[in-house]
Amino acid sequence: MKSLLPYSETNPRRDSLIQPLTDKKVVVVGLGGGAPIPIELIKCGVDTISLFDFDILESGNLIRHPCGPKYIGLPKVDAMKQYFEDGEYSHLNISTFQENIFKSNHITYEIQTADLLIVATDSEA
């Protein structure tokens, strides 16, 4: 498994903190200002993430969004998944849902099977 971590040397203290997260599932709702959250979770060892956002990535989002101009016009969930795949992190288990969570058929199941839910919406999702 390729690491997103910016270092290759071992560190028993750090590695002991990261290892327990590899079997955890996280649901992230909101990929505007919340877009950096999955990146940081992956750096901590999380490899199963469900992403929810109904919106499209626009040029005005790029000031706070990690995805660059080549992702403009894609749904934010697809842009983030592609961002990871472009970074050679295809080993990640990422589920994407371009849905309003209040109208979603998937949100209940995803929350029930998650270890952590992060809601990072700036308005009604």
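A salt bridge is taken here as a side-chain nitrogen of Lys or Arg lying within 4 Å of a carboxyl oxygen of Asp or Glu. The structure is a predicted model, in which local features need pLDDT of at least 70 and side-chain atom pairs count only at pLDDT 80 or more, whereas totals for chains, interfaces and linings use all residues. Residues are numbered from 1 along each chain as its sequence is written, and side-chain values use heavy atoms, with hydrogens and water left out.

Side chains of opposite charge can pair when their charged atoms come close. A search of the whole structure returns four salt bridges, among them that between K25 and E110, whose closest N and O atoms are 2.7 Å apart. This pair links distant parts of the chain, with K25 in strand β1 and E110 in helix α4 (residues 107-112), 85 residues apart; helices (H or I, at least four residues) and strands (E, at least two) are DSSP runs, numbered from the N terminus. K25 is buried, with a relative accessible area of 13%, and E110 likewise counts as buried, at 7%, where buried means under 20% relative accessible area, exposed over 50%, and partly exposed in between (1.4 Å probe, protein chains only). The side chains of K25 and E110 also make a polar contact at 2.7 Å, that is, a pair of N or O atoms within 3.5 Å, of which, within protein, one must be able to donate a hydrogen and the other to accept it, residues adjacent in sequence counting only if both atoms are side-chain atoms. When neighbours within four places in sequence are left aside, K25 is in contact (heavy atoms within 4.5 Å) with T48, S50, E110, T113, A114, D115 and L116.

D55 pairs with K76, the closest N and O atoms being 3.5 Å apart; since D55 lies in the loop between β2 and α3 and K76 in helix α3, the pair ties together parts that are 21 residues apart in sequence. D55 is partly exposed, with a relative accessible area of 29%, whereas K76 counts as buried at 4%. The side chains of K70 and D86 meet in a salt bridge at 3.0 Å, N to O, and, because K70 lies in the loop between β2 and α3 and D86 in helix α3, this pair ties together parts that are 16 residues apart in sequence. Here K70 is exposed, at 62% relative accessible area, and D86 is partly exposed, at 35%.

Nonpolar cores were defined as sets of buried Ala, Val, Leu, Ile, Met, Phe, Trp, Tyr and Cys residues joined through side-chain atoms within 4.5 Å. The largest of these has 20 residues, and those with the most contacts inside it are V28, I49, L51, M80 and F84. At least two residues of this core come from each of β1 (25-29), α2 (36-43), β2 (48-52) and α3 (76-86), and the largest share, four residues, is supplied by α3. Neighbours within four places in sequence aside, V28 is in contact with G34, I37, P38, L41, I49, S50, L51, F52 and I118.
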